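Visitor: I would like to learn how to read a fold from its parts. Where shall we start?

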Amino acid sequence: MANASAGPIRLFVLGDARIETPRGVIEPTAELVFAAALYLILERKEPVARRTLEQLLWPSASRQSASHRLRQTLLKLRRCGIPVEPVGRSRLQLVSENIVVDFDEFVRSQDASIIPEQPLSFLPGYDSGFSFAFAEWLDSRKNEVQTAFSRLLLRDI
């Protein structure tokens, strides 16, 4: 089990994408592990249905195969320092309160004077070509973040 108090989990989506944990770094080259961690971090406010995650990551796999792959991926995430725990029998949730996402402070502050040094582009160059459903989810998150950036910058102008 990952120790949630061992240090922060940091998600970087502006500039070079990566997830830093107390145990190491997860890069987009670890395609499905990165995608699963990205989804769980960005959707951390509510538990996520296992089946939803399976369908996003392995849409063409049988339910049994997708379930097995999810168990393997969750094991890898925990070994990397991502504290994912079951909520009941069918849902998962990150149990760490110490999660930092690089764009959150900027968006929450409503202060355009603290513009990050990186370009205001969400996961530039990241390709999630393994699943259309995941790509759609990612596009919706990109649009939400870009809209928040635009509103803040326009208000400041």
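Visitor: Leaving aside neighbours within four places in sequence, which residues is Ser-128 in contact with?

Guide: This is a predicted model, where local features need pLDDT of at least 70, side-chain atom pairs count only at pLDDT 80 or more, and totals for chains, interfaces and linings use all residues. Residues are numbered from 1 along each chain as its sequence is written, and side-chain values use heavy atoms, with hydrogens and water left out. Contact means heavy atoms within 4.5 Å. Beyond those neighbours, Ser-128 touches Phe-134, Ala-135 and Leu-138.

Visitor: Is Ser-128 buried or exposed?

Guide: Buried means under 20% relative accessible area, exposed over 50%, partly exposed in between (1.4 Å probe, protein chains only). Ser-128 has 7%, so it is buried.

Visitor: Which residues have the most contacts inside the largest nonpolar core?

Guide: A nonpolar core is a set of buried Ala, Val, Leu, Ile, Met, Phe, Trp, Tyr and Cys residues joined through side-chain atoms within 4.5 Å. The largest one here has 44 residues; Ile-19, Leu-38, Leu-77, Ile-82, Phe-103, Leu-123 and Phe-134 have the most contacts inside it.

Visitor: What is Leu-38 in contact with, its neighbours within four places in sequence aside?

Guide: With those set aside, its partners are Leu-11, Val-13, Ile-19, Leu-123, Tyr-126, Phe-134, Trp-137 and Leu-138.

Visitor: How many residues of the largest pocket's lining are charged?

Guide: Asp, Glu, Lys and Arg count as charged; Ala, Val, Leu, Ile, Met, Phe, Trp, Tyr, Cys and Pro as nonpolar; the others, Gly among them, as polar. The lining has 8 charged, 6 nonpolar and no polar residues.
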